[in-house]
Amino acid sequence: MATATLQEAVDVLYRIAVTEGKYTSPKRLDGLASLCISELGRRGLRGAVADVDMPGGGRQKNWDVAWELGDKFRLGISLKSLLRNIPGTVPNRVDDMIGEVTNAQMYSPEIVTGYIMIFDSSQDAHSKKHGGSWEELLRRRLGRVTDRRAPSWGMGMIEALLVVSVDFSSGPRIVTGEDEVAPFFDRLVADVCERNPALKGLGV
């Protein structure tokens, strides 16, 4: 399933999760994985694959998209969709992310990681406890653990984050995020190249 744009990836998610009612289908994010592979390839990281088991410090963990060089994974991208039960999902999402990336970083401290989350803003609401919407809370908390850089390489942080806000109330409409796609992949590829000097000889 080849997708060339974010809108096409969102269309796939909407069709499977909303139209077909398969909110937990593992195929709902296939279009987004395909987009990741295409964007990485356009930037020189060819050969990325979807649905990969990567080794970790605690256990092997499945990642939605990964790229390897020299029999070692150098990049992992995790894909999430937040479409229902937003108040019950957002509080756990940051903890889940930190655990996932920490596991990978314990095995390979130099690995580059990115997160893409599609958030249905039509399901959002104000949280009196947190003084804002759930989407605002999600972005604020994830922002604190984003922008991991050498030489500190903070454990549990990610290099790049892309939160795509959609409105699925009447169709697969993207609200925000399209302008952030290119910078997201630019950052990931730049960090992979910086941490893997051998790539200079491969024309990346």
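Analyst: Let us begin with the helices and strands, which are DSSP runs (helices H or I with at least four residues, strands E with at least two) numbered from the N terminus. The expected span of a helix is 1.5 Å times one less than its number of residues. This is a predicted model, in which local features need pLDDT of at least 70 and side-chain atom pairs count only at pLDDT 80 or more, while totals for chains, interfaces and linings use all residues. Residues are numbered from 1 along each chain as its sequence is written, and side-chain values use heavy atoms, with hydrogens and water left out.

User: How do you know what span to expect of helix α5?

Analyst: Helix α5, residues 181–195, has 15 residues, and at 1.5 Å a residue the expected span is 21 Å. From its first C-alpha to its last the helix reaches 22 Å, which is close to that expectation.

User: Which residues of α5 are buried, and what covers them?

Analyst: Buried means under 20% relative accessible area, exposed means over 50%, and partly exposed lies in between (1.4 Å probe, protein chains only). Among the buried residues of α5 are Val181, Phe184, Phe185, Leu188 and Val192. Their cover includes the helices α1 (6–19) and α2 (30–42), together with the strands β2 (61–69), β3 (72–82), β4 (112–120) and β7 (160–167).

User: What makes Thr113 count as buried?

Analyst: Thr113, which lies in strand β4, counts as buried because its relative accessibility is 0%, and the limit is under 20%. Contact means heavy atoms within 4.5 Å, and, not counting residues up to four places away in sequence, Thr113 touches residues including Trp63, Val101, Met157 and Leu188.

User: Why is Gly44 called buried?

Analyst: Gly44 sits in the loop between α2 and β1 (49–54), and it counts as buried because its relative accessibility is 13%. Its C-alpha atom is separated by 9.4 Å from that of Leu199, although the two residues are 155 apart along the chain.

User: Why are Asp51 and Asn85 called exposed?

Analyst: Asp51, in strand β1, counts as exposed because its relative accessibility is 59%. Asn85, in the loop between β3 and α3, counts as exposed because its relative accessibility is 54%. Asp51 has a positive phi near 55° in a residue other than glycine, and Asn85, not a glycine either, has a positive phi of about 45°.

User: What makes a set of residues a nonpolar core?

Analyst: Such a core is a set of buried Ala, Val, Leu, Ile, Met, Phe, Trp, Tyr and Cys residues joined through side-chain atoms within 4.5 Å. The largest one here has 36 residues, and those with the most contacts inside it are Leu32, Leu40, Leu75, Ile77, Leu79 and Ile116. The elements that give two or more residues to this core are α1, α2, β2, β3, β4, β7 and α5. A second, separate core of 23 residues includes Val90, Val94, Met97 and Trp134.

User: Which residues is Ile116 in contact with?

Analyst: Leaving aside neighbours within four places in sequence, Ile116 is in contact with residues that include Leu32, Ile77, Leu79, Leu162, Phe184 and Phe185.
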